[in-house]
Amino acid sequence: NLYNYKNFPFIYEVKNNDVTEIRFREGIHIIDKPIFFPTNKRIVISSGTSLNMISDSFIRSQSPLFMQGLPEDPIKIFSNDNTGGGIIIDRVKGLSKIEHVNFHGLKNNAKTGITGSVTFYETTGEIKNFTFKNINYEDALNIVRSTFKIEKCQFIDNQSDALDIDFSKGKIKNCYFLNSRNDALDFSGSSVQLKNINVVHAGDKGISIGEKTSLQGSNIT
């Protein structure tokens, strides 16, 4: 069975109205193999949870993902040996939300064929109050053919592009980019509104606008 989430002791299911929620227990959990979630569920990760991704592990979800940390207790997704991958939200019907989450030290996994440590692919996402730091992927955050809102974010010391938006539509505001080795923001074929964006020390371009992207921006430094 491809959907192997029941093999992990820190993951359990509960019924919430008409939806089955797949939840992570609070605590620090080591993930040493990929986790696959099916459609027609709701994946919930709450504050008090840290996931240490090792051994080329990653998470692929085909259901909406809700990561709800708290300002004083953010969720942490990290790889303490720099061998673990990230999260793929793959062709999900419905909205996924990520809030108060810190991503750190994740490394590209060639097995997935995915370029982002967090990837939204053909779906809808709202992401706010998050940090990507020291991410060794082609893109720290990649959004592809999706609708999105990004707010109050930090991208720090990432090894290539920080934020890559491909053929998507959305808004980005109140975000800070420091020491991106390649582009800080890279847009292709997208329609985007930017507001209150601060880019410091981009290795290539602060903002790359290509492939017929339509962009409106204000207060960009």
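A search of the whole structure, which is a predicted model, finds 1 disulfide (a pair of cysteine sulfur atoms within 2.5 Å). Cys153 is joined to Cys175, with an S to S distance of 2.0 Å. The pair links distant parts of the chain, 22 residues apart: Cys153 lies in strand 15 and Cys175 in strand 17. Strands are DSSP runs of E of at least two residues, numbered from the N terminus. The torsion about the S-S bond of Cys153 and Cys175 is about 125°, so this disulfide is right-handed.

Cys153 has a relative accessibility of 2% and therefore counts as buried (under 20% relative accessible area, with a 1.4 Å probe and protein chains only). Cys175, at 3%, counts as buried too.

The patch is formed by Lys97, Lys149, Lys152, Lys171, Lys173 and Lys195. Patch residues have over 30% relative accessible area and no salt bridge, and like charges are joined within 9 Å; a salt bridge is a side-chain nitrogen of Lys or Arg within 4 Å of a carboxyl oxygen of Asp or Glu. The place of a Lys charge is taken as NZ.

Residues are numbered from 1 along each chain as its sequence is written, and side-chain values use heavy atoms, with hydrogens and water left out. Local features need pLDDT of at least 70, and side-chain atom pairs count only at pLDDT 80 or more, while totals for chains, interfaces and linings use all residues.

Terms used
Patch = residues over 30% accessible without salt bridge, like charges linked within 9 Å, V, L, I, M, F, W, Y side chains within 5 Å. Areas by Shrake-Rupley, 256 points an atom, 1.4 Å probe, with all protein chains shown as cover. Lys, Arg positive; Asp, Glu negative; His and termini not counted. Helix = DSSP H or I, 4+ residues; strand = E, 2+ residues; numbered from the N terminus. Buried < 20%, exposed > 50% of the residue type's maximum accessible area, 1.4 Å probe, protein only.
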